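Here are some notes for a colleague who is opening this entry for the first time. Please read them with the view open beside you.

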Amino acid sequence: MRAIGYQAPLPITDEHSLVDVDLPRPTPSGRDLLVEIKAISVNPVDTKIRASGRPEAGSWKVLGWDAAGVVVETGPEAGMFKPGDAVFYAGSITRPGTNAQFHLVDERIVGRKPESLGWAEAAALPLTAITAWETLFDRLDVKGRAVPGAAQAILIIGGAGGVGSIAIQLARKLTGLTVIATASRPETTAWATDLGAHHVVDHSRPLASAVEALGIGAPAFVFSTTNTGQHLAEIVELIAPQGRFALIDDPATLDINPFKRKSVSVHWELMFTRPMFGTADIAEQGVLLNEVSRLVDDGTLRTTLAENFGPINATNLKRAHALIESGKARGKIVLEGFDA
């Protein structure tokens, strides 16, 4: 089968950073599905692992943690899907990725593809939808216990990114929160507004004063998707006492001591935790994706696809990695189909 991989961590400008290769077609076992990949999307995790993750000597590392495709075969213990079913999912960071014609995935973390979306539009959603959903409803519990005296609002830092783009929609459509997003360019500000943010503030300027100027009070929740280290002092200042703060990125250091005086709770989110550890609630990711699919099909949510870079090959993947590494991507970058 055709695939894209690498044998050593290299800058994306190096011709060997991502290479078109031919690999054996995998065989499903246990609760696995074998999926024929129709479209993939590219996430920051792809670029981070490519830059540092080293495969075993002589082997190829295949990246990719977003896909839409068709089930072609099932393992002997699988019973949730059958060959011919159209699915979408984000896979597991501990297994070979989706940048290949055929891919193995545990059926419990798979959802049924939205019928109203094409392959590319569907592939844009799984990883970011899981991340945003788990952050909002499992970690921050935005629909649970209220924060006394706080503005029932959420600040989403990095509103035009992949996770921010779906988090804005989930918060706006499924909660009563006032949604404040951050963006710093006219096109990203317009993107966040169009997705449903009530307010958009510039994260290249002091955030605390910008949020205060909105006149709605200190927000109960802050969700930081990027550059957390850069914004941490501002977050400490602007969040409400007893508020809840979540992050998904990897700051070099994270001193949360300043949150103590406000009794702010701090929450990490990694959407790979359930599949990585085979948690007792691993199947919740499949349930979640099926609900996202339903919400897309009834018009509540929309795809966050921003650019389709064409066929799935090393050249187009390099372009996608380079754009993500530039920090100027908005929404999701998708690749669709393999060259004939």
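1. The protein chain contains 10 helices and 16 strands. Helices (H or I, at least four residues) and strands (E, at least two) are DSSP runs, numbered from the N terminus. The radius of gyration is 20 Å, close to the 20 Å that the globule rule gives for 340 residues, so the chain is as compact as a globular protein of that length. That radius is taken over C-alpha atoms, and the rule is 2.2 Å times the number of residues to the power 0.38.

2. This is a predicted model, in which local features need pLDDT of at least 70 and side-chain atom pairs count only at pLDDT 80 or more, while totals for chains, interfaces and linings use all residues. Residues are numbered from 1 along each chain as its sequence is written, and side-chain values use heavy atoms, with hydrogens and water left out.

3. Along the principal axes, the C-alpha atoms fill a box of roughly 60 × 45 × 35 Å. Of the 340 residues, 54% are buried (under 20% relative accessible area, with exposed over 50% and partly exposed in between; 1.4 Å probe, protein chains only). Among contacts with a separation of 6 or more, 70% join residues 24 or more positions apart; contact means heavy atoms within 4.5 Å.

4. Helix 1 (residues 44-52) has as its buried residues Val45, Asp46, Thr47, Ile49 and Arg50. Their cover includes strand 1 (2-6), strand 3 (32-42), strand 4 (61-62), helix 3 (126-139) and helix 10 (314-326).

5. How many aromatic pairs does the structure hold? There are three. One of them joins Trp65 and Phe272, edge-to-face, at 6.2 Å centre to centre with 75° between the planes. Trp65 lies in the loop between strand 4 and strand 5 (67-74) and Phe272 in the loop between strand 14 (265-268) and helix 8 (273-277), so the pair ties together parts 207 residues apart in sequence. Trp65 is buried at 2% relative accessible area, and Phe272 is buried at 3%. Rings of Phe, Tyr and Trp (its six-membered ring) pair if their centres lie within 6.5 Å; planes under 30 degrees apart count as stacked, over 60 as edge-to-face and the rest as tilted.

6. Thr304 sits in the loop between helix 9 (284-297) and strand 15 (305-308). Is Thr304 buried or exposed? Thr304 is buried, with a relative accessible area of 0%. Leaving aside residues up to four places away in sequence, Thr304 touches Ala124, Leu125, Ser165, Ile166, Gln169, Trp191, Gly331 and Lys332.
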